[in-house]
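The sequence and the model come next.

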Amino acid sequence: MPDITVPDLSGKLAVVTGASDGVGLGLTARLAAAGAEVVMPVRNPRKGEAAMAKIRQRYPEARLSLRALDLSSLDSVAALGDTLRQEGRPIHILVNNAGVMTPPERQSTADGFELQFGSNHLGHFALTGHLMPLLRAGHARVTSQLSVSANENSINWDDLNWERSYNGRRAYSQSKIAFGLFGLELDRRSRAGGWGITSNIAHPGVAPTSLLAARPEVGRARDTMGVRLIRVLSRAGILLGTVETALLPALMAATSPDAAGGRFYGPSGLGHLSGAPAEQPVYSRLRSEEEAARMWQMSERLTRTSITPQPAP
């Protein structure tokens, strides 16, 4: 099974969204095992406590803590930002990993955005903005988790919130394209403005995570046929990866001394669906700097969050 060596992260503070299961749980465990202290912002505290117990069972010395976060609420995002800024500790690693995928019916966030666009992209955009002073203080590396879906479809500029017609798969692709544009634009703006952080993007390939599983909170009472097939192929070792291999590209992007800002990391196997992590070409839909700047400005307006060069504390 492919793996990577994680450098010593003692003294580092990491924040991983979506840390209570799947890839996020695995990432948190690997970062903690390497010596980092990891903040786990979670929507469900009971699930978060269970995740911490699971990690500590394997790594008894793991330094972990929970914070409340619902990425579908900009008030919740701002509250987490306030909490962490009041604590005042520099952040060295931020992994924007959490996500929601293809609710069968259109749903809205607390602020009225289509759920996938609002949670996967806008929530993380706002969170990064609120944490910017701490990221700058820690000369942080920000890694944003995409999907192979970012290589499909396009931004629905005329109806970003899918109010006129809803297609769950296309809306999911849009959220990940927008998020990828943001991740690359963040690195460009940091370099141009001397912000002192690096930003890159990653994707996990395809593995049996909970994204397509039964999730009553998004209106999915049963596992989809897609996730059932993914589980079968994954167990058989055919084309697809496992949760353990799917976390490796983001782990590499967030920790490797060889990983750089403005780069894209994913599995290196057939179709980039599984295999050892490696740098790969940026998807065509993420290459337009004009679209990236447009999405950035739109995101600042929609989230009422201005990510501007502020002096590092």
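How much space lies in the largest cavity? In this predicted model, about 50 Å³ of space lies in the largest cavity, and the structure holds 1 cavity of 30 Å³ or more. The residues that line the largest cavity are Leu13, Val15, Val39, Leu84, Glu87, Arg89, Ile91 and Leu134. Strand E1 (13-16) and helix H3 (74-87) each contribute at least two residues to that lining. Sorted by class, the lining of the largest cavity comprises 6 nonpolar and 2 charged residues, with no polar ones.

The second largest pocket, for its part, has a volume of about 400 Å³. Its lining is made up of 17 residues, and of these Gly26, Ala29, Arg58, Glu244 and Leu247 lie nearest the centre of the pocket. At least two lining residues come from each of helix H1 (22-33), helix H2 (45-58) and helix H8 (243-246), and H1 gives the most, with 5 residues. The lining of the second largest pocket divides into 9 nonpolar, 2 polar and 6 charged residues.

The table sets the two spaces side by side.

| Space | Volume | Lining by class |
|---|---|---|
| Largest cavity | about 50 Å³ | 6 nonpolar, no polar, 2 charged residues |
| Second largest pocket | about 400 Å³ | 9 nonpolar, 2 polar, 6 charged residues |

Two single residues complete the account. Serine 20 is found in the loop between strand E1 and helix H1, and serine 20 counts as buried because its relative accessible area of 17% falls under the 20% cut-off. When its neighbours within four places in sequence are left aside, serine 20 is in contact with Leu25, Val42, Lys47, Gly48 and Ala51. The C-alpha atom of serine 20 is separated by 7.9 Å from that of methionine 52, although the two residues are 32 residues apart along the chain.

Is histidine 121 buried or exposed? Histidine 121, which lies in helix H4 (residues 115-130), has a relative accessible area of 0% and is therefore buried. Again leaving aside neighbours within four places in sequence, the residues in contact with histidine 121 are Gln116, Ser175, Ala178, Phe179, Phe182, Met295 and Ser299.

Conventions: Residues numbered from 1 in each chain as written. Predicted model: local features only at pLDDT ≥ 70, side-chain atom pairs only at ≥ 80, totals over all residues. Heavy atoms only, no water. Helix = DSSP H or I, 4+ residues; strand = E, 2+ residues; numbered from the N terminus. Buried < 20%, exposed > 50% of the residue type's maximum accessible area, 1.4 Å probe, protein only. Contact = heavy atoms within 4.5 Å. 1 Å grid on protein atoms, 1.4 Å probe; cavity = no way out; pocket = protein on both sides within 12 Å on 5 of 7 lines; lining within 4 Å. Points joined across faces, edges and corners; volume = space filled by probe spheres on them. Nonpolar A, V, L, I, M, F, W, Y, C, P; charged D, E, K, R; others polar.
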